Amino acid sequence: MATTMLRSRLESRWSSLKYLDDDSKLDLITMLTQSLSASEFYGIWGDDGMSDDEFVEALRAERKFNQEIVEI
């Protein structure tokens, strides 16, 4: 979460950038995306010892649906 000062700086930059044409905005997005490294996010979920399949099953088990099925 950005601090108040950082947020203020970002809003200041945005006030200039929002008027760029679409191609320039896409170029900027590309540059920002390329500045991120996937390795920075490796292990972000921690090492809980679960395999990929176990993790998926755990996610599915935790899903909650609040849709009520009504017969017509």
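Predicted model: local features only at pLDDT ≥ 70, side-chain atom pairs only at ≥ 80, totals over all residues.

Biologist: OK, what's the secondary structure of the protein chain?
Modeller: Three helices and zero strands, in the order α-α-α along the sequence.

Biologist: What span should helix α2 have, and what do its ends say?
Modeller: Helix α2 covers residues 22-34, so its 13 residues at 1.5 Å each should span 18 Å. The end C-alpha atoms are 18 Å apart, which agrees.

Biologist: And what caps the N-terminal end of α2?
Modeller: Asp-21 does, with a side-chain oxygen 3.2 Å from the backbone nitrogen of Asp-23.

Biologist: Switching topic: how many salt bridges are there in the whole structure?
Modeller: Two. One joins Glu-11 and Arg-7 at 3.1 Å, N to O, and both residues sit in helix α1, four residues apart, about one turn. The other pairs Arg-60 with Glu-57 at 3.4 Å, three residues apart in helix α3.

Biologist: Is Arg-60 buried, exposed or partly exposed, and why?
Modeller: Partly exposed, because its relative accessibility is 47%, and the range for that class lies between 20% and 50%. Glu-57 is partly exposed as well, at 46%.

Biologist: What share of the protein chain's residues is buried?
Modeller: 0% of the 72 residues. The chain exposes about 7600 Å², with carbon and sulfur atoms supplying 56% of that.

Biologist: Which residues form the nonpolar patch on the surface?
Modeller: Trp-14, Leu-17 and Leu-20, with about 260 Å² of accessible area together. Leu-17 belongs to helix α1 and is partly exposed at 31%.

Terms used:
Residues numbered from 1 in each chain as written. Heavy atoms only, no water. Helix = DSSP H or I, 4+ residues; strand = E, 2+ residues; numbered from the N terminus. Expected span 1.5 Å × (residues − 1). Polar contact = N/O pair within 3.5 Å; in protein donor to acceptor, adjacent residues only side chain to side chain. Buried < 20%, exposed > 50% of the residue type's maximum accessible area, 1.4 Å probe, protein only. Areas by Shrake-Rupley, 256 points an atom, 1.4 Å probe, with all protein chains shown as cover. Patch = residues over 30% accessible without salt bridge, like charges linked within 9 Å, V, L, I, M, F, W, Y side chains within 5 Å. Salt bridge = Lys/Arg side-chain N within 4 Å of Asp/Glu carboxyl O.
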